[in-house]
Amino acid sequence: MGVCALSVESGKDRKEPAGSCGPYDHLYIYLLNGLLREKEEACLGDSFIGNWVEADSSFLFFSRPSEDAVGRILEKNRKLELVDNYRFSYEEWQGGGLDRFEVDLFSIAPPWIENGRNQGVLPIVLDPGVVFGNGLHPTTRDCLRALIFAQKREPLGKVLDLGTGTGILALAAALLGAEHVVAVDLNPLCVKTALQNVRWNQLTGVIDVFQGPAERFVRGSPDLIAANIHCEVVEEILNSGAFAASKRVLLSGLMRSEVRKVKAILENCGFDVVRQWDHEMTWHTVLACNIAE
């Protein structure tokens, strides 16, 4: 997949944020075998929300039943096949998490809920759309705590956020004073969602969001690399030596069986683990500093 920056498209069938319990009442999801090209999405109608690409499958999200629109796509592109369809309430899809919540200094709320402006609290407006990453997962919470810990030790400087998802870690880093943040995700729907959240938080110019594989962006000398992504990708990048020029790395999404191996690789790459967080000894997050810096 090529590397490109994407512009934000506002949801065409979204509710007004004020006074609502979410941007959509229900989600109608159509699973296709095959990849729907972005240029084909234009004919899917006003209720089309987005396309989640997973391997060789496309998950088409709509805010209303859209069998006719999907049928037209299948007629035009015979390489696509409808596998199944699903219906969820928006709250079910998000697993809750539609209220304001706090993680240490951060107060996180979707745009349709009032977020407090209390002194000493950093408010984050986070619209997860249909992307996973509403801030409730323990690895996300521990990454937020790790960013605060890292910022207290030394200014964050230039940050690279790999696997940004909704953009929550990029937003947090910017609010903690990072000079500039580059946020990257392989999935185009994640990129669109993250860009929308950058705009919600008025951080355009501080955060740039790009689409592409993580390893393509690990170059130069960022002050901090945050990666809450699959362990296999982390190991591959570490073993390539691509993190060597970074002052600090923040790694998460690590299971108990994975964290020991990753810590050993970090040490072999010249990093010293300065702090580790875990959630019920299951999910692990590691902050390491480059010994050469």
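**Salt bridges around Lys247**

Modeller: In this predicted model, the side chains of Lys247 and Glu154 meet in a salt bridge, with N and O 4.0 Å apart. Lys247 lies in the loop between helix H6 (231–240) and strand E12 (248–255), and Glu154 in the loop between H3 and strand E8 (158–162), so the pair ties together parts that are 93 residues apart in sequence. Lys247 counts as partly exposed because its relative accessibility is 31%. Glu154, at 35% relative accessibility, is likewise partly exposed.

Lys247 also forms a salt bridge with Asp223, where the closest N and O atoms are 3.4 Å apart. This pair, too, links distant parts of the chain: Asp223 sits in the loop between strand E10 (207–211) and strand E11 (224–228), 24 residues from Lys247. Asp223 has a relative accessible area of 16% and is therefore buried, the cut-off being under 20%. Taken together, Glu154, Asp223 and Lys247 are linked in a network of salt bridges.

For context, the model has seven salt bridges by the rule applied here. One of them joins Asp142 and Arg145, whose closest N and O atoms are 2.9 Å apart. Both residues belong to helix H3 (residues 138–153) and stand three residues apart, about one turn of the helix. Asp142 counts as buried because its relative accessibility is 7%, whereas Arg145, at 29%, counts as partly exposed.

How values were computed: Residues are numbered from 1 along each chain as its sequence is written. This is a predicted model: local features need pLDDT of at least 70, side-chain atom pairs count only at pLDDT 80 or more; totals for chains, interfaces and linings use all residues. Side-chain values use heavy atoms; hydrogens and water are left out. Helices (H or I, at least four residues) and strands (E, at least two) are DSSP runs, numbered from the N terminus. Buried means under 20% relative accessible area, exposed over 50%, partly exposed in between (1.4 Å probe, protein chains only).
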